[in-house]
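Hello,

Here is the structure I promised to pass on. Please open it first, and then read my notes below.

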Amino acid sequence: MNDILARRARRATVGIALSAALVAGIAPVTAIAAETSAPTGAVALQTEDAAAAKEKAYAAMQEALKNLEAAKDAASPEKIAEIDTKIAIFQENYDTNLAQAAIYKESLPTMQANVDAAQAECDKAHNRTRALEAELNKMVDFQSQRNSLNGPRVSAASATRK
């Protein structure tokens, strides 16, 4: 019979500890583990611990209620109206920026086409410049070869005249 009473007392203290743990913010698993790991003969001690935890949790709950009331009092209608005004301003700015982005997004394909056309013209001019440079190099090489061939003739002709 004592075992049955001890088990019932333990279940009751586990329930109380679990409730107190939830209110106090303690992990329920930790509270249950602490309660169930206690020896059976320590039921009276567990009950005292549970009562102390319950009182502590009740005090924490009262403190939380007091903080909630203070927060409620701090949120005066004027402050709420000010916050609502700021939210409306931010929403208006967001909508304006969204509309501008849509306008810019519409012109992007045209701008991209212009960039592509300009790039094609640039590539064409670059290719033409390279072709002209190659042609110029050929003419310079040809002129150099011509001068080198004509150089000995001119000096021979001038030597015979003298």
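**What I found**

This is a predicted model, and the mean pLDDT of the protein chain is 76, with 64% of its residues at 70 or more. Confidence is highest in helix 4 (residues 77-161), at a mean of 86, and lowest in helix 2 (residues 28-36), at 52.

Of its 162 residues, 10% count as buried. The chain exposes about 13,300 Å², and 62% of that comes from carbon and sulfur atoms. Among contacts between residues at least 6 apart in sequence, 61% join residues at least 24 apart.

Helix 3 (residues 43-74) is where you will find Tyr58. Together with Met61, Leu65 and Leu68, Tyr58 forms a nonpolar patch on the surface, with about 400 Å² of accessible area in total.

- Glu63 pairs with Lys66, their closest N and O atoms being 3.7 Å apart. Both lie in helix 3, three residues apart, about one turn of the helix. Glu63 is partly exposed at 38% relative accessible area, while Lys66 is exposed at 54%.
- Glu82 meets Lys86 at 3.6 Å, N to O. The two are four residues apart in helix 4, about one helical turn.
- Glu121 meets Lys124 at 3.9 Å, N to O. This pair also lies in helix 4, three residues apart.

Best wishes

Conventions: Residues are numbered from 1 along each chain as its sequence is written. This is a predicted model: local features need pLDDT of at least 70, side-chain atom pairs count only at pLDDT 80 or more; totals for chains, interfaces and linings use all residues. Side-chain values use heavy atoms; hydrogens and water are left out. pLDDT is the predictor's confidence in each residue, from 0 to 100. Patches are made of residues with over 30% relative accessible area and no salt bridge: like charges are joined within 9 Å, nonpolar side chains (Val, Leu, Ile, Met, Phe, Trp, Tyr) within 5 Å. Accessible areas come from the Shrake-Rupley method with a 1.4 Å probe; for residues, only the protein chains shown count as cover. A salt bridge is a side-chain nitrogen of Lys or Arg within 4 Å of a carboxyl oxygen of Asp or Glu. Buried means under 20% relative accessible area, exposed over 50%, partly exposed in between (1.4 Å probe, protein chains only). Contact means heavy atoms within 4.5 Å.
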